[in-house]
Amino acid sequence: MDKATASPTENRGPLTGVRVLDLSAYHAGPYGCSMLADMGAEVIKIEPPEGDNARHYPSTLASEARGLLGSNRSKRGLVLDLKQREGRAVLHRMVRHADVLVHNFRPAVPPRLGLTYEELSALNRGIIVCAVTGYGDRGPLKDKPGFDQVLQTMTGICAGQGRKGPPEIVYGSAVDYYAAAQVTMGVTAALYHREKTGEGQFVGVSLLQAALTMQSMRLIWAEGEPKDIPRDMHSGGITGLHPTREGSLYLSANTPHFWGALCEMVGLPELATDPRYDSIRKRAEHIDEIVPKIRGALAARTALEWEALFGERVPCAAARRTEDMFEHPQVLAMDLIAEVPHPRVGSYRTLQRPISFSATPCGKPFAAPLLGEHSEAILREEGYAPEEIAALREAGVLGGAAPAAKSQ
């Protein structure tokens with residue numbers, strides 16, 4: 001076994017034995033499939049000859065795209081040209097004994113590639129087909145390309161982030177990663193249904209659904225209520241980021257218990273007993289009086305010092321960079337970071353075990369595949385003879401590097 005990869009059979013978890021064909025690109029579909037791999041599924045990433053477009057995005061890594069690595073852990077890689085009839089034939093052969101197929105083609109594409117649910121279920125009654133789209137499979141926007149920040153802008157996330165100023169993007173592909181969670185949830189629910197009935201089904205996930213689901217508390221329009229009213233929850237006035245002597249500190253002290261502890265520990269106990277401030281709503285009404293006093297007290301220490309001092313008594317966090325989390329004591333205690341070898345990068349640290357299971361603990365992750373890294377090995381497992389594989393490669397149907405010849 002190549003030291004740069006691990007065998008899917010080494011994975012453990014509640015989805016051990018489930019085989020997933022991942023035809024998706026960018027982040028929503030791929031990361032949803034990585035979370036299925038985290039839970040033990042065998043995931044095969046199937047890419048066109050040019051590769052997932054995420055491979056070509058700018059990256060501060062010289063040899064790989066950081067986003068590609070982050071969204072595709074624990075998969076093996078196969079390159080197939082599905083525009084060729086022979087490529088589609090290979091895929092259809094794989095579908096016959098797969099459990100799940102995930103793609104993010106626009107609705108007009110699957111009929112051209114023979115990838116509709118009806119066509120695939122005719123090959124395998126139990127197949128679960130999950131389609132990730134921008135806007136869904138019907139309606140006036142169904143064939144419009146959808147991307148994370150496009151949907152953020154469309155659905156009010158950017159306006160809400162900007163509040164009283166101009167709209168602002170939420171960086172980090174929040175909509176994509178929420179959609180990825182919906183992919184994982186939808187597929188596992190469909191697998192549960194199949195376990196009971198033997199029937200596969202079509203699962204639809206869209207960035208539009210993800211973006212609106214993220215805002216469920218805003219999407220409330222009561223009868224008789226005007227449409228154009230503030231819909232966000234800004235609880236308690238004091239909740240938010242505050243400057244300290246060094247660094248910023250987020251505070252969330254809404255309950256009477258936490259509010260009282262905050263006032264006591266910053267040296268302002270009189271605020272906790274003032275009847276003008278004895279509820280969340282009252283504190284929100286008097287935010288201009290309270291916040292300057294709290295911030296004046298916070299200036300006595302750094303954010304990290306306050307975080308340590310408040311401990312369990314006041315919910316808070318010092319503002320950190322993402323990279324600081326690699327060595328955070330809580331992250332290490334939860335064993336959330338793994339180091340995996342990679343043939344180009346050398347090795348890299350990445351997330352592991354995003355969900356914990358007591359009876360079916362998940363295995364260690366392995367590196368995202370190089371483009372077509374396991375093409376020939378996967379086809380051999382599918383029963384293709386060496387000469388058939390060579391013919392597919394010669395015709396340009398099969399991509400990825402040919403294995404090196406063994407020395408005699």
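## Hairpin of strands 10 and 11

A hairpin of three residues connects strand 10 to strand 11; strands here are DSSP E runs of at least two residues, helices are H or I runs of at least four, and both are numbered from the N terminus. Strands count as paired if DSSP finds at least two bridges between them. Within this pairing, A338 is opposite T350 of strand 11.

The side chains of strand 10 alternate. Buried stands for a relative accessible area under 20%, exposed for over 50%, and partly exposed for values in between, with a 1.4 Å probe and protein chains only.

## Basis of the model

This is a predicted model, in which local features need pLDDT of at least 70 and side-chain atom pairs count only at pLDDT 80 or more, while totals for chains, interfaces and linings use all residues. Residues are numbered from 1 along each chain as its sequence is written, and side-chain values use heavy atoms, with hydrogens and water left out.

Strand 3 spans residues 76-80, and five of its five residues are buried. R76, L78 and L80 point to one side of the strand, G77 and V79 to the other.

Strand 3 pairs with strand 2 (residues 42-47) in the parallel sense through four bridges; in this pairing K45 has G77 as its bridge partner. Together with helix 2 (residues 66-71), strands 2 and 3 form a right-handed β-α-β unit. Right-handed means that, with the strands pointing away from the viewer, the path from the first strand over the helix to the second runs clockwise. Strand 3 also pairs with strand 12 (residues 398-399), in the antiparallel sense and over two bridges. There, V79 has G399 as its bridge partner.

## Aromatic pairs

Four aromatic pairs are present in the structure. Rings of Phe, Tyr and Trp (its six-membered ring) pair if their centres lie within 6.5 Å; planes under 30 degrees apart are stacked, over 60 edge-to-face, and the rest tilted. The pair of Y31 and Y177 is edge-to-face because its planes are at 70 degrees, with ring centres 5.0 Å apart. This pair links distant parts of the chain, 146 residues apart: Y31 belongs to helix 1 (residues 28-38) and Y177 to helix 8 (residues 174-197). Y31 is buried at 10% relative accessibility, whereas Y177 is partly exposed at 28%.

W306 and F310 form a stacked pair, because their planes are at 25 degrees; the ring centres are 5.2 Å apart. Both residues lie in helix 14 (residues 303-310), four residues apart, so about one helical turn separates them. W306 is buried with 2% relative accessible area, and F310 is buried at 1% relative accessibility. Elsewhere, ring pairs join Y26, Y57 and F147 into a cluster.

## Charges over rings

A charge sits over a ring if NZ of Lys or CZ of Arg is within 6 Å of the ring centre and within 35 degrees of the ring normal. R301 places its charged end over the ring of W306, 5.3 Å from the centre. R93 lies over the face of Y384, 3.9 Å from the ring centre.

## Nonpolar cores

A nonpolar core is a set of buried Ala, Val, Leu, Ile, Met, Phe, Trp, Tyr and Cys residues joined through side-chain atoms within 4.5 Å. The largest one has 29 residues, and V20, V100 and C130 have the most contacts inside it. Elements that give two or more residues to this core include helix 1, strand 4 (100-103), strand 5 (128-133) and helix 8. Helix 8 contributes the largest share, six residues.

Leaving out residues up to four places away in sequence, V20 touches residues including C33, L36, V43, I44, V100 and V102; contact means heavy atoms within 4.5 Å. Another core, of 28 residues, lies apart from the largest one and has I46, A98, L379 and Y384 among its members.

## Positive phi values

Two residues other than glycine deserve a note on phi. Y26 has a positive phi, near 70 degrees; Y26 is in the loop between strand 1 (19-22) and helix 1 and is partly exposed at 26% relative accessibility. S173 also has a positive phi, near 55 degrees, and lies in the loop between helix 7 (157-162) and helix 8.
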